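Subject: Structure handover

Hi,

Here is the structure for you to look over. My notes follow below it.

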Amino acid sequence: MSACGGPKIKSELRVFESADELATDLAEYISQLSENSVKERGCFTIALSGGSLISLMGKLCEAPYDKTVDWTKWFVFWADERAVAKNHIDSNYKLTKDLFLSKVPILNSHVFSINDNVTVEDAAAEYEFAIRQLVKIRTVGVSESNDCPKFDLILLGMGPDGHVASLFPHHPALELKEEWVTYITDSPKPPPERITFTLPVINSASNVAMVAVGEEKATAVHLATAGTGENFDASSLPARMVQPTDGKLVWFLDSTAASVLDVSNGSSG
Ligand SMILES: O=C(O)[C@H](O)[C@@H](O)[C@H](O)[C@H](O)COP(=O)(O)O
């Protein structure tokens, strides 16, 4: 792994020779954050998204983490979900259940999946309401800078177009400031209807990890992390808008996703 960073740098880039090495470090990173949060707050709130990210978390289900992680203190959320039934192949819940939740002893009552029985509009409103209740009792922390939830960790994949969660380039959802959870009905990537955290929530997390593997991500990784001219239109690349206010951003990249990076440049500031 090569790690880059400096005093003024807001994000850390971790580059690995292979997806397997990335997965090893990702498991250790998540386990450390879990341990710290449980020590400090008595629980660990983690929001997941879809794609290859979930299989890359697989080593958490193996030794030593299967025994050392305090799974009963985990509270699991989704940063985005597709509007499909929970047993549909496109469901992020199903993906997570099959590859992760079914293999570790997280309490069912601590798993906050998104309702698949109502309209996307209602599902988003309901999900935001559920998170508000958990913020009130401080199971989910609250940001010092605004009233947003402060998840201990939000894990995001990134599409080759730079989308994160279900926030797509140039989409009006990128502009939302008050909503915590919103819905879209026109996703350029199927299925069209989705529910997603907004940028204020993503950027209020204590930790955000962006995980990208594969050459097709290289240009977006470069544009999201490198210095760009003043005229760069951030909404063309949602991943670049992920800039935690008080939290820490770590990129997990394999060497192909990092292949366009100027590594000597370190990371974005
Ligand atoms: O909802 C979706 O359409 C996907 O879940 C998507 O957001 C995914 O997270 C990224 O495209 C990265 O996916 P990969 O890591 O599999 O490339």
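How many helices and strands does the secondary structure of the protein chain come to? The count is 7 helices and 12 strands. Both are DSSP runs, numbered from the N terminus: helices are H or I with at least four residues, strands are E with at least two.

Two notes on conventions. Residues are numbered from 1 along each chain, as its sequence is written. The model is predicted, so local features need pLDDT of at least 70 and side-chain atom pairs count only at pLDDT 80 or more, while totals for chains, interfaces and linings use all residues.

**Confidence**

The model scores ipTM 0.95 and pTM 0.94. Mean pLDDT (the predictor's confidence in each residue, from 0 to 100) is 93 for the protein chain. In that chain, 93% of residues reach 70 or more. Residues 2–9 stay under 50, with 16 contacts beyond four places in sequence. A contact here means two C-beta atoms, placed from the backbone, within 7 Å. Residues 265–269 are also below 50, and that stretch has 19 contacts beyond near neighbours in sequence. Where pLDDT is low, the predicted coordinates should not be read in detail.

**Overall shape**

Along the principal axes, the C-alpha atoms fill a box of roughly 45 × 45 × 40 Å. Take the contacts with a separation of 6 or more: 76% of them join residues 24 or more positions apart. Buried residues make up 43% of the chain. The classes rest on other C-beta atoms within 10 Å of a residue's own, all placed from the backbone: buried is 20 or more, exposed is 12 or fewer, partly exposed is in between.

**Ligand shell**

There are 13 residues around the ligand. Being near means a C-beta atom, placed from the backbone, within 6 Å. Gly-50, Gly-51, Ser-52, Gly-157 and Gly-159 come nearest. By class, the shell has 2 nonpolar, 8 polar and 3 charged residues. Nonpolar covers Ala, Val, Leu, Ile, Met, Phe, Trp, Tyr, Cys and Pro; charged covers Asp, Glu, Lys and Arg; the others, Gly among them, are polar.

**Core**

The largest nonpolar core has 78 residues. Such a core is a set of buried Ala, Val, Leu, Ile, Met, Phe, Trp, Tyr and Cys residues joined through C-beta atoms within 7 Å. Ala-47, Ile-154, Leu-155, Ile-202 and Met-210 touch the most other members. Helix 1 (residues 19–41) gives the most to this core, with 6 residues.

Ile-154 contacts Ala-47, Ala-79, Ile-202, Ala-205 and Val-208. Met-210 contacts Leu-156, Met-158, Ala-239, Val-242, Leu-249 and Trp-251. Met-210 is found in strand 11. Why does Met-210 count as buried? Because it has 24 C-beta neighbours inside 10 Å. Met-210 and Leu-53 are 157 residues apart in sequence, yet 9.1 Å apart C-alpha to C-alpha.

Helix 4 (residues 92–99) has its own buried set: Asn-92, Tyr-93, Lys-94, Leu-95 and Thr-96. Their cover includes strand 3 (44–48), helix 2 (53–56), strand 4 (74–78) and strand 5 (80–82).

**Backbone points to check**

Most residues other than glycine have a negative phi, and most peptide bonds are trans. The exceptions I noted:

- Ala-63 to Pro-64 is a cis peptide bond, omega near 0°. Pro-64 lies in the loop between helix 2 and helix 3 (65–68).
- Pro-190 and Pro-191 are joined by a cis peptide bond, omega about -5°. Pro-191 lies in the loop between strand 9 (181–184) and strand 10 (194–197).
- Arg-138 has a positive phi, near 65°. Arg-138 sits in the loop between helix 5 (120–136) and strand 6 (141–142), and is exposed, with 12 other C-beta atoms within 10 Å.
- His-170 has a positive phi, near 65°. His-170 counts as exposed, with 11 C-beta neighbours inside 10 Å.

Regards
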